[in-house]
Amino acid sequence: MEQAPLKTEEEIRDYYSYSVFIRVIAGLSIVWFGILSPLSELGGRGIAELDRVQYSEGILNVSYQKVLKGSDYNVLLLKEQNSNQWTEYYCGYSARHFARANWCFTDEQIEPYKNKHAKIGWYYQDRFLWLKNPHPQLVSLQVDGKEIRSYEQTKNLSERYKKSGVYLEIGLSIFVFIGFGFMYLIGELLGRHCKKMLKEREVVL
């Protein structure tokens with residue numbers, strides 16, 4: 001069934017406003033999800049050089065944080081000697097921090113080492129654009145003199161994360177540009193159609 005044409009200037013203006021809204025939302029989504037978000041995810045990745053690594057020793061423990069129902073992640077904790085404070089360590093190796101995605105070990109891997117003396121090698125991630133990761137990043141772990149994770153192992157893990165992240169973010173950006181680009185095009189065509197109808201009626205927008 002053919003849709004009835006718009007009859008009033010008010011209807012046409014409303015549709016034009018709607019077209020502007022569509023274009024603004026689509027444009028902002030492209031900039032954020034297609035450009036800034038991938039940049040913030042990939043930028044600032046990679047671990048620090050060995051000469052920047054600092055070391056802390058103390059009692060190792062784990063804090064379990066709940067994200068969703070039935071979904072937990074663990075946070076590595078270290079309490080240094082003569083200190084009552086626990087320091088959290090993560091393994092994101094990026095200027096962008098997501099706690100639930102930056103845990104260092106599975107529960108099974110870290111459970112045998114809880115409440116034991118540990119030495120952690122760590123550093124602070126460099127700032128990237130507007131992002132600053134406030135948490136120390138773990139690059140090595142020794143427990144009672146046993147090496148659990150070395151600097152080289154962490155470096156290899158970080159490089160694998162970065163490579164897989166590149167593919168994921170490129171795919172996401174392509175999807176965003178196609179989806180929201182189509183949305184922007186619809187808004188643009190609608191806006192032009194409204195302008196044309198108003199021009200035919202000699203009405204200035």
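Tyr 89, Trp 122 and Tyr 124 together make up one aromatic cluster, where rings of Phe, Tyr and Trp (its six-membered ring) pair if their centres lie within 6.5 Å, and where planes under 30 degrees apart count as stacked, over 60 as edge-to-face and the rest as tilted. The model is a predicted one, in which local features need pLDDT of at least 70 and side-chain atom pairs count only at pLDDT 80 or more, while totals for chains, interfaces and linings use all residues. Residues are numbered from 1 along each chain as its sequence is written, and side-chain values use heavy atoms, with hydrogens and water left out.

A pair of aromatic rings is described by the distance of the centres and the angle of the planes. Two aromatic pairs are found when the whole structure is searched. In one of them, the ring centres of Trp 122 and Tyr 124 are 5.3 Å apart and the planes stand at 80°, so this pair is edge-to-face. Trp 122 is buried at 11% relative accessibility, buried meaning under 20% relative accessible area, exposed over 50% and partly exposed in between (1.4 Å probe, protein chains only), whereas Tyr 124 is partly exposed at 39%.

Gln 125 is buried, with a relative accessibility of 2%. Its side chain has a polar contact of 2.6 Å with the side chain of Tyr 123, and the side chain of Gln 125 also reaches the backbone oxygen of Tyr 93 at 3.4 Å. A polar contact here is a pair of N or O atoms within 3.5 Å; within protein, one must be able to donate a hydrogen and the other to accept it, and residues adjacent in sequence count only if both atoms are side-chain atoms.

In soluble globular proteins, nonpolar side chains tend to be buried together.

What joins Cys 91 and Cys 104? They form a disulfide, with their sulfur atoms 1.9 Å apart, a disulfide being a pair of cysteine sulfur atoms within 2.5 Å. By this rule the count comes to one disulfide, and the link of Cys 91 and Cys 104 is right-handed, with 100° about the S-S bond. Both Cys 91 and Cys 104 lie in the loop between strand 3 (87-89) and helix 2 (107-110), so the pair ties together parts that are 13 residues apart in sequence. Cys 91 is buried at 5% relative accessibility, and Cys 104 is buried as well, with a relative accessible area of 8%.

Definitions and conventions: Helix = DSSP H or I, 4+ residues; strand = E, 2+ residues; numbered from the N terminus.
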